[in-house]
Amino acid sequence: QVQLVESGGGLVQAGGSLRLSCAASGRTFSGYTVGWFRQAPGKEREFVAAIRSSGLIYYADAVKGRFTVSRDNDRNTVSLQMNSLKPDDTAVYYCARSRSFYPGSPQLQDTYAYWGQGTQVTVSS
């Protein structure tokens, strides 16, 4: 069984930083794409960032230059460093692992088969 757990969410002032972590158990992230998505109240879940097994990284336009996604294969974790946070970043953040070794677009939710429970990020100003 593949289980993903997000951590690191919390309250932060606008302009501040948070680092989210996604830990996997059951199977490693190696060979799979790992994505980050978020969902704000009243909005649909949206793509934030993703990292392929090769290390190739993708970001949504809204977070480019502010967020950084990275892997630690030894610890079987994927992190999302969030800097210069804005109130619009407030959402529940989810990590997800791709369905296969050769996934399609990292921006599509259907690419992913396993999802964490989410961690709340709240940015105030």
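This is a predicted model: local features need pLDDT of at least 70, side-chain atom pairs count only at pLDDT 80 or more; totals for chains, interfaces and linings use all residues.
A search of the whole structure returned 5 aromatic pairs. One of them joins Phe-37 and Tyr-112, whose ring centres are 5.3 Å apart; with the planes at 80°, the pair is classed as edge-to-face, since an angle over 60 degrees meets that criterion. Phe-37 belongs to strand 4 (residues 34-39) and Tyr-112 to strand 10 (residues 112-115), so the pair ties together parts that are 75 residues apart in sequence. Both partners are buried: the relative accessible area is 1% for Phe-37 and 2% for Tyr-112.

Tyr-112 also pairs with Trp-115, again edge-to-face, with 6.0 Å between the centres and 70° between the planes. Trp-115 has a relative accessibility of 24% and is therefore partly exposed, the limit for a buried residue being under 20%. Through ring pairs, Phe-37, Phe-47, Tyr-112 and Trp-115 are linked into a cluster.

Arg-45 is placed over the rings of two aromatic residues. Its charged end sits over the ring of Trp-115, at 4.0 Å from the centre. Arg-45 also lies over the face of Tyr-94, where the distance to the ring centre is 5.6 Å.

Ser-79 is located in strand 8 (residues 77-82). With a relative accessible area of 10%, Ser-79 is buried. Apart from neighbours within four places in sequence, the residues in contact with Ser-79 are Arg-19, Leu-20, Ser-21, Trp-36, Thr-68, Val-69 and Ser-70.

Definitions and conventions
Residues are numbered from 1 along each chain as its sequence is written. Side-chain values use heavy atoms; hydrogens and water are left out. Helices (H or I, at least four residues) and strands (E, at least two) are DSSP runs, numbered from the N terminus. Buried means under 20% relative accessible area, exposed over 50%, partly exposed in between (1.4 Å probe, protein chains only). Contact means heavy atoms within 4.5 Å. Rings of Phe, Tyr and Trp (its six-membered ring) pair if their centres lie within 6.5 Å; planes under 30 degrees apart count as stacked, over 60 as edge-to-face and the rest as tilted. A charge sits over a ring if NZ of Lys or CZ of Arg is within 6 Å of the ring centre and within 35 degrees of the ring normal.
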